[in-house]
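Dear colleague,

I am passing on the structure below, and I would be glad if you could look through it alongside the notes that come after it.

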Amino acid sequence: MRLYSMVATMASMAQVALSTPCVGNSSGIPKPLEFKELESRYQANIRASLGLDGCTEKTIRIRKSWDDIDAAARADYVRAVKCLAAKPATVDKTLAPGAVNRLDDFTYIHINQTNIVHISGSFLSWHRIFVWQMEEALRNECGYKGTIPYWDQARFSQYPTNSKVFDNSSFGGDGEYLPNDHGPYNITIPGLAVNMSIVRPAGAGGGCVQDGPFANFQISLGPTDRPFIDPTNKFGYEPNPRCLKRNFDYPSSTDFMTWENAIKIVGASDFVTFYWNMENTWHVKSHQFLGKDGLDLFTSPNDPIFYLLHSQIDRLWAIWQGQNLEERTFAITGNRTFFGIPLDTAPNVPPSNATIEDIMDLGHGYRPKIKDGMPMTYSGRCYMYE
Ligand SMILES: [Cu+2]
């Protein structure tokens with residue numbers, strides 16, 4: 001099974017440098033013409049489709065690259081994230097005793113749905129709504145006026161830490177280098193009816209984030225990325241206060257998150273090709289670059305970069321859909337569970353093919369259909385990417 005296939009990464013593991021590559025240009029690798037053309041066509045088609053559900057040129061929210069918003073906007077985003085981290089969790093504590101704050105509410109439902117909304121038919125739709133809900137929480141509960149920016153990995157693929165995402169007024173850089181805890185290591189996935197282990201690559205860090213606003217940032221849920229399933233805290237719902245950790249895996253960025261691959265993904269002529277390139281390269285490698293908490297299959301929203309990472313995943317899907325909104329908005333492929341594997345916790349969820357009429361669970365009783373999470377300018381959302 002090529003599940004989170006680490007073969008390529010294993011092969012290139014020897015190249016993992018312990019030092020941080022930090023040369024290169026701060027504006028990054030220029031966007032190739034081919035990508036620009038695909039992006040422009042998407043933007044033009046979205047603008048031409050406006051008018052439904054009160055979504056107009058005036059009301060549409062614009063999401064931009066973290067590297068293209070100004071310092072004040074970046075600071076306000078960080079402020080709003082910390083504001084949610086200072087508000088008490090609202091999730092039922094019997095479901096997630098470890099949930100402390102409003103960010104944990106999101107991490108909780110992500111844990112709860114992990115084996116249904118990854119490598120499955122609902123992946124893109126579920127995460128589109130999830131990211132939108134975070135944007136709404138930042139705005140409605142913490143006075144944030146902007147949108148969730150995206151992490152434009154391709155622009156910095158060869159020098160990932162040159163992106164402002166990782167500067168010390170944004171999300172900070174790698175975790176402390178731990179000689180004995182940066183991998184490679186095996187993890188076992190809980191909740192599946194089969195025993196499945198995957199290999200995590202050796203990274204360049206492994207310990208607590210050391211700089212920026214999220215140094216000493218406390219998280220509580222998880223981890224689930226462990227060699228063995230812990231029977232007392234199988235999914236990481238119990239309280240486990242600790243620092244936020246990272247373990248940058250440079251080859252995930254330099255070898256995979258290139259403009260060439262971005263063009264291959266958004267330029268795919270069919271949805272199945274688009275989806276698998278997106279999942280197996282872009283999505284997996286993005287998480288793998290972050291490592292540790294941001295790589296944890298269940299609790300990755302613990303790293304606040306998660307939302308920028310998924311804004312980018314959502315953007316690539318948006319650009320693909322936007323080449324032909326009529327034919328592509330509701331395209332779907334995949335099963336109802338992680339790789340179609342039966343779940344030990346949800347025997348009522350059949351691992352068969354997903355359809356857009358399937359009902360998803362986004363927490364707090366919100367149960368939209370897959371098709372409800374597919375449009376960008378109606379059905380509860382109004383936004384586009386620039
Ligand atoms: Cu996810």
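The notes below take the metal site, the aromatic rings, the cavities and the backbone in turn.

This is a predicted model, in which local features need pLDDT of at least 70 and side-chain atom pairs count only at pLDDT 80 or more, while totals for chains, interfaces and linings use all residues. Residues are numbered from 1 along each chain as its sequence is written, and side-chain values use heavy atoms, with hydrogens and water left out.

The copper ion is coordinated at 2.1 Å by the NE2 atoms of His110, His118 and His127, where donors are N, O and S atoms within 2.8 Å of the metal (3.2 Å for Na, K and Ca), and since water is not among the atoms, sites may look incomplete. Along the chain these donors of the copper ion follow the spacing H-x7-H-x8-H. His118 is buried, at a relative accessible area of 2%, and His127 is buried as well, at 3%; buried means under 20% relative accessible area, exposed over 50% and partly exposed in between, with a 1.4 Å probe and protein chains only.

A search of the whole structure finds 34 aromatic pairs, counting rings of Phe, Tyr and Trp (its six-membered ring) whose centres lie within 6.5 Å, with planes under 30 degrees apart called stacked, over 60 edge-to-face and the rest tilted. The rings of Phe248 and Tyr250 have their centres 6.2 Å apart and their planes at 85 degrees, so this pair is edge-to-face, and both Phe248 and Tyr250 are buried. The rings of Phe274 and Trp320, by contrast, have centres 5.1 Å apart and planes at 25 degrees, so they are stacked. Phe274 lies in helix H8 (residues 271-290) and Trp320 in helix H9, so the pair ties together parts that are 46 residues apart in sequence; helices (H or I, at least four residues) and strands (E, at least two) are DSSP runs, numbered from the N terminus. Both residues also belong to one aromatic cluster, formed by Phe123, Phe271, Phe274, Tyr275, Trp276, Trp320, Phe338 and Phe339. Helix H9 itself is mostly covered, with 17 of its 17 residues buried. Arg328 lies over the face of Trp320, at 4.2 Å from the ring centre, and the charged end of Arg63 sits over the ring of Tyr383, 4.1 Å from its centre; the criterion is NZ of Lys or CZ of Arg within 6 Å of the ring centre and within 35 degrees of the ring normal.

The structure holds three cavities of 30 Å³ or more, a cavity being a set of points, on a 1 Å grid over the protein atoms alone, where a 1.4 Å probe fits but cannot get out, and lining residues having an atom within 4 Å of a point.

Ile119, although not a glycine, has a positive phi of about 45 degrees and counts as buried at 2% relative accessibility, whereas His364, with phi near 50 degrees, is exposed, at a relative accessible area of 61%.

With best regards

Note on methods:
1 Å grid on protein atoms, 1.4 Å probe; cavity = no way out; pocket = protein on both sides within 12 Å on 5 of 7 lines; lining within 4 Å. Points joined across faces, edges and corners; volume = space filled by probe spheres on them.
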